[in-house]
Amino acid sequence: MADFQVLEQSHPRVDAWEKVTGQANYAGDVYLPGMLMCKILASTRSHARIISIDTSKATALPGVRAVITGYDFPQIRFGSGALKDRYIMARDIVYYIGEPVAAVAAEDEITAQEAIGLIEVEYEDLGAVVDPLTALRSGAPSVHPDLESYEGYGFTIEGGNICTLLDADRGDVDQAFMEADHVFEDTFRSQGINQGFLEPMACAANVEANGRLTIWASTQGPYQVRAQLASVLDMPLSNIKIIPMELGGGFGAKLRLAFEAFPALLSMRTGSPVKLINTREEVFTLNGPRHPVTNYIKTGVNNDGTIIAREAYTIFDVGAYLGAGPNSGIGHGLGAYNIPNFRLRSYGAYTNKVYVGSYRASGVADMTFAVESHMDIIAHKLGMDPLDFRLKNTIKEGDIAVNGSRVPGNGLEQTLAAIKERLGLPKELPDGHGVGIALCEWRSGTGPSTASISVNEDGTASLLTGSVDISGSDTSLASIAAEVMGISIGDIIVASRDTDLAPFTGPSGGSRIVYSQGKAVQMAAEDARDKLLALAADRLGVPQEALGCAGGRVYVHDNPPQGLTLGQLASASVNSRTGPIVGNASLSTLPYAPVFSAQAAEVEVDRATGQVKLTRYVQCQDVGVAINPMAVEGQLEGGAVQGIGRALTEDMLFDQETGAVRNPSFASYLMPLALDLPELETLMVRVPSEDGPFGARAVAEPPGFGPPAAIANAIYDAVGVRIRELPLSGERVLAALQGKISEDVAYIGDELDELKRAEGLVA
Amino acid sequence: MLRFDYLEARNLRQAISLLQRHGEDARLVAGSTDFLVRWRQGFWRPSCVVNIKGISSLRRITYSARNGLNLGALATVQAIELDPRIRRYYEALATGATSFAGVQVRNLATVGGNVCNASPAGDTLPALLAFDAQCNIAGPEGARTLPLTEFFRGPGRTALSTGEVLTGLKLPPPQPRTGSLYIKHSPRGAMDIATVGVASVLTLEDDGRTCKDARIALGAVGPVPFRASAAEAVLKGKEVTADLLAEAANEARNQATPIDDVRGSADYRKEMVEALTNRTLQYAFRMARGERLSFEEQRRLAVQTAF
């Protein structure tokens with residue numbers, strides 16, 4: 001490992017003091033003179049035409065300052081991606097229970113809530129479709145009958161409710177299945193999931209004296225919110241300033257425009273600042289969660305355990321709008337394996353439910369549950385050790401990844417070896433106890449990244465980036481800058497930012513901040529350092545190559561006492577020929593850098609109740625280089641906890657008739673609590689990436705992928721039943737133990753045939 | 001109505017008169033752990049809230065071998081969980097308390113509130129029923145007592161009439177050769193509501209084999225928590241065997257009338273009633289025969305969780 005001064009050492013977060021003492025400001029903490037409170041009226045119908053909205057009683061209530069409906073916004077559809085399929089507030093038609101229909105600004109929250117109750121909406125019900133498999137069938141009621149006329153619609157296969165199809169193909173998969181010694185197929189279902197961030201969506205809006213709009217937002221993507229808000233309000237983007245406040249968790253749910261447009265328009269109407277804080281129920285019912293996913297997977301294997309073909313069909317329920325669809329799930333149908341022939345398909349189906357959002361690598365956790373359960377099933381049927389079967393097929397340096405790029409060096413095999421050693425695999429456990437593994441793969445996120453660093457006259461440096469802090473990323477960025485510039489992390493000032501001040505950058509999501517934004521910070525810091533060295537060379541009369549930068553000063557390699565402090569140089573720079581020291585960097589896309597994680601669970605299964613108890617969880621990830629080991633460990637543990645919840649208890653339930661969320665509360669949507677969890681064991685291996693800052697790889701997303709499959713595999717090891725549907729509840733396990741769940745319960749052959757026929761793959 | 005008047009009663013008489021004056025528009029609170037949640041959800045919207053938390057005389061827990069256990073209505077769930085006499089003589093009540101919500105909520109929530117909330121899933125209720133608790137009630141007409149079995153009238157509905165306050169619960173003295181346990185099935189170990197809760201109290205004859213008395217109460221499998229009397233009848237006077245316990249458990253299952261909801265299907269709940277009745281009886285039998293289970297061991301058994 002390289003000899004680091006700052007990196008690979010644990011640093012407390014730069015914002016720890018404010019967070020721990022409760023002084024950090026979130027969007028809900030914004031108080032402005034004369035501020036009004038906003039409340040939302042939600043649709044009570046799954047799919048209905050709005051006949052009329054009568055806001056007169058609400059408007060007449062004392063204390064109410066403005067009431068708006070969808071008709072008060074410009075008639076402009078927007079979307080999360082290319083497909084523009086929704087209005088910011090319902091107009092003519094509501095598509096799900098919970099969809100915003102009107103909003104009120106009043107002098108206090110209780111008055112706003114009372115006013116909401118006075119708005120009268122008359123609906124005419126249209127046919128609703130709730131089940132995605134039904135939605136895909138020809139002849140199903142259409143959620144968006146005019147879909148083909150929407151801007152950005154690009155899908156040509158017949159089928160009214162298919163809004164997106166992602167595909168990837170290689171080799172001759174049908175031929176390979178015919179040649180394979182064995183063919184296995186399974187269907188898995190994963191449940192609806194809520195991101196479970198602690199801070200509900202919140203924002204405040206104010207029209208400034210000069211007519212510009214300021215938004216205080218709880219967001220991961222201020223520039224994305226700015227662009228979308230400009231679009232739905234039909235105003236120039238430059239008239240909007242987004243101030244991202246501290247983020248109380250996002251996990252993908254806060255990547256895009258949420259409800260900022262409501263207080264914005266209400267502020268424009270009233271001339272007063274307006275604030276909106278969602279209730280927890282609203283977080284569940286009107287802000288994109290993840291929906292149930294069906295994954296069909298088929299694999300051709302030879303007698304020696306070599307996989308030669310893979311087919312995977314994913315059916316994503318996207319809800320009423322393509323908020324965040326199948327996107328990242330598609331390429332992961334192969335898992336961490338090299339498979340020469342494949343056909344991968346991801347369909348997004350509209351249903352009359354709350355639109356789908358992003359959550360910590362949308363779709364990949366569902367796919368990992370399918371792939372890694374399927375791998376386990378095959379290993380057992382072939383009589384091979386599950387770990388050996390995986391090792392035999394892992395993707396290796398020089399192989400071609402599903403996206404067509406060459407796989408660079410990585411630590412995949414070391415992660416499996418570390419898990420094997422830590423647990424002493426293979427091992428026999430007493431009846432009712434079992435161990436299971438899962439291998440997870442992901443890539444380091446890229447995208448536009450910028451950074452600017454100015455050196456202050458006292459030798460400190462101010463770091464400006466447009467990216468919002470998530471999970472301590474500010475601290476990691478400060479560490480990178482400190483390492484490059486040879487100063488301590490405490491000498492880096494992380495500037496607070498807004499979209500007027502900081503240069504454009506991609507959102508804080510997709511495991512991209514430390515990898516890509518960190519790279520930009522490294523480059524900006526190098527730029528600043530080079531300028532310091534050039535200035536020092538000039539002042540000391542030595543060549544630049546003869547100088548080093550460490551301990552807060554630039555010194556002569558051959559005579560270390562000779563040198564200048566950064567403070568001296570910065571002070572000198574102010575009046576120098578080249579001007580004050582500022583380092584800048586701007587980059588777009590970094591090459592593909594995979595991330596691998598091996599995980600293992602030990603469980604105890606109560607045969608009388610079916611209850612699964614997680615007794616041990618171990619994970620090992622190739623992190624490249626740990627920028628801040630304490631933060632890396634926190635990310636690994638946090639991700640695993642989310643995955644454990646997904647595996648065992650979290651389950652967003654939808655009414656089968658109406659699509660309404662049945663459990664919109666933390667009392668009935670059960671996330672694991674600190675009290676509940678076993679000790680989590682986190683291991684790291686370090687095979688530096690080729691392009692990340694100092695060799696770092698992305699960290700955030702893989703830890704959450706493994707628990708569903710690892711735990712399902714452990715249950716099989718413990719009591720011999722295979723659960724193909726999440727969560728792995730006591731009820732499901734008991735039903736399986738009693739033989740009430742048959743192997744092919746999830747079989748979706750008919751639906752697959754229909755999809756294949758539409759694509760012309762079968763007659 | 002989103003706004004309400006908040007009143008604090010200094011003594012019982014004042015509480016009763018405030019309740020009388022405001023009638024159906026008033027809601028009595030103490031720990032307020034149920035109230036604030038239900039108010040925010042819009043289920044309860046009283047125009048007047050009467051807080052009796054300050055009436056310190058209702059907070060006491062007393063015990064004697066002769067008179068049994070007296071729980072003031074304002075005794076907190078935490079106080080019940082930690083009380084060494086309850087852990088010793090009324091194990092199922094202590095395990096019911098320890099499986100209740102989380103530490104912070106247990107510090108605030110009162111046993112009287114849990115009883116008056118009359119949730120079918122209330123965690124202290126099966127044990128109180130199985131220990132034959134009597135309710136002490138004070139009201140405009142004076143004091144009266146009522147067996148807890150007659151107190152619950154439906155989900156959220158009790159036998160209290162306007163102006164009446166539950167002041168305490170009285171549990172008869174413990175019988176020798178008795179063991180008891182409560183098991184709560186809930187996926188999460190803290191801050192979760194029972195999918196099924198079962199409390200069993202088993203008393204043996206001098207021979208240490210024959211069932212002298214058995215009391216079984218079920219939670220979350222009917223509109224109110226209730227005694228599984230048919231299951232109790234299977235056991236009384238018979239020599240305890242594994243088969244007999246299984247037969248009683250099956251009878252308890254037959255008595256359960258659960259519903260399907262977000263926490264589990266009716267079928268699964270019936271399965272759980274059988275499994276947990278059997279298990280509570282097995283442990284109660286062992287404890288009645290003199291086996292001492294540490295509180296930590298009882299807690300491990302009592303909270304059936306995923307993590």
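Phe35(B) is buried, at a relative accessible area of 4%. Here buried means under 20% relative accessible area, exposed over 50%, and partly exposed in between (1.4 Å probe, protein chains only). This is a predicted model: local features need pLDDT of at least 70, side-chain atom pairs count only at pLDDT 80 or more, and totals for chains, interfaces and linings use all residues. Residues are numbered from 1 along each chain as its sequence is written, chains are lettered from A and ligands numbered from 1 in the order written, and side-chain values use heavy atoms, with hydrogens and water left out.

View 1. The whole structure holds 20 aromatic pairs over all chains. Rings of Phe, Tyr and Trp (its six-membered ring) pair if their centres lie within 6.5 Å; planes under 30 degrees apart count as stacked, over 60 as edge-to-face and the rest as tilted. Tyr321(A) and Tyr355(A) form a tilted pair, because their ring centres are 6.4 Å apart and their planes stand at 50°. Tyr321(A) lies in the loop between β14 (307-319) and β15 (341-350) of chain A, and Tyr355(A) in the loop between β15 and α9 (364-382) of chain A, so the pair ties together parts 34 residues apart in sequence. Helices (H or I, at least four residues) and strands (E, at least two) are DSSP runs, numbered from the N terminus. Tyr321(A) is buried at 3% relative accessible area. Tyr355(A) is buried too, at 6%. In chain B, the rings of Phe4(B) and Phe35(B) have centres 5.7 Å apart and planes at 80°, so this pair is edge-to-face. Phe4(B) sits in the segment before β1 (5-8) of chain B and Phe35(B) in helix α2 (residues 35-41) of chain B, so parts 31 residues apart in sequence are tied together. Phe4(B) is partly exposed, at 27% relative accessibility.

**View 2. A tyrosine cluster and two charges over rings in chain A.** Ring pairs join Tyr95(A), Tyr96(A), Tyr321(A) and Tyr355(A) into a cluster. The charged end of Arg91(A) sits over the ring of Tyr87(A), 5.9 Å from its centre. A charge sits over a ring if NZ of Lys or CZ of Arg is within 6 Å of the ring centre and within 35 degrees of the ring normal. Arg443(A) lies over the face of Trp442(A), 4.2 Å from the ring centre.

**View 3. Helix α14 of chain A.** In α14 (residues 566-574), Leu566(A), Gly567(A), Leu569(A), Ala570(A) and Ser573(A) are buried. Down the axis of α14(A), the buried residues fall within an arc of 165° (from directions of the helix axis to the C-beta atoms), so they line one face of the helix. Their cover includes β17 (449-455), α12 (473-485) and α13 (513-540) of chain A. Contact means heavy atoms within 4.5 Å.

**View 4. Domains 1 and 2 of chain B.** An automatic or database domain assignment gives domain 1 (5-51), domain 2 (56-171) and domain 3 (178-304) in chain B. The C-alpha centres of domains 1 and 2 of chain B are 19 Å apart. The contact takes 12 residues from domain 1 and 15 residues from domain 2. About 1000 Å² is buried between these domains, with carbon and sulfur atoms giving 71%. Buried area is the accessible area (1.4 Å probe) that two parts lose on being put together, summed over both. In domain 1, Leu12(B), Ile16(B) and Thr33(B) lose the most area to domain 2, together 40% of what that side buries.
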